[in-house]
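Here is a short briefing on charged pairs and nonpolar surface. Please look over the sequence and the model before reading on.

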Amino acid sequence: MRKGAIFILPISILLIWGLVTQLRLVDPLFLPSPWEVLKSLVSGIVKDGLGRDAIVTLYRSISGFVVSAVIGIPLGLLVGRIPSLSRA
């Protein structure tokens, strides 16, 4: 596979999306243009704290995983080690 082939699908999707919105085949309320989506994303990151919110979400996800691993791994080892618990 050629190196540039990986970009064909994303570029095709963007071109079709842009064409559909430019020809107004779909109401912009339901399908905004790629440019409007990009502007909204940048605005969310710069003005509305989207980056901060993403970091908080990542922190909470990792914290939950660590807490569950700290509880679950020893508990699983205990259940596997004690025959009466593993049969229950």
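Helices here are DSSP runs of H or I with at least four residues, numbered from the N terminus. The model is predicted.

**Salt bridges**

- The count comes to two salt bridges.
- One joins the side chains of Lys 39 and Glu 36, at 3.1 Å from N to O.
- Lys 39 and Glu 36 lie three residues apart in helix H2 (residues 34-46), so about one helical turn separates them.
- Lys 39 is partly exposed, because its relative accessibility is 39%.
- Glu 36 also has 39% relative accessibility and counts as partly exposed.
- The side chains of Arg 52 and Asp 53 form a salt bridge as well, at 3.2 Å from N to O.
- Arg 52 has 55% relative accessibility and so counts as exposed; the cut-off for exposed is over 50%.
- Asp 53, at 34% relative accessibility, is partly exposed.

**Nonpolar patch**

- A nonpolar patch on the surface has about 1100 Å² of accessible area together.
- Its members include Leu 58, Ile 62, Phe 65, Val 66, Val 67 and Val 70.
- Also among them are Ile 71, Leu 75, Leu 78, Val 79, Ile 82 and Leu 85.
- Helix H3 (residues 50-81) supplies the largest share of the patch, 10 residues.
- Val 66 sits in helix H3.
- Val 66 has 43% relative accessibility, so this residue counts as partly exposed.

Definitions and conventions. Residues are numbered from 1 along each chain as its sequence is written. This is a predicted model: local features need pLDDT of at least 70, side-chain atom pairs count only at pLDDT 80 or more; totals for chains, interfaces and linings use all residues. Side-chain values use heavy atoms; hydrogens and water are left out. A salt bridge is a side-chain nitrogen of Lys or Arg within 4 Å of a carboxyl oxygen of Asp or Glu. Helices (H or I, at least four residues) and strands (E, at least two) are DSSP runs, numbered from the N terminus. Buried means under 20% relative accessible area, exposed over 50%, partly exposed in between (1.4 Å probe, protein chains only). Patches are made of residues with over 30% relative accessible area and no salt bridge: like charges are joined within 9 Å, nonpolar side chains (Val, Leu, Ile, Met, Phe, Trp, Tyr) within 5 Å. Accessible areas come from the Shrake-Rupley method with a 1.4 Å probe; for residues, only the protein chains shown count as cover.
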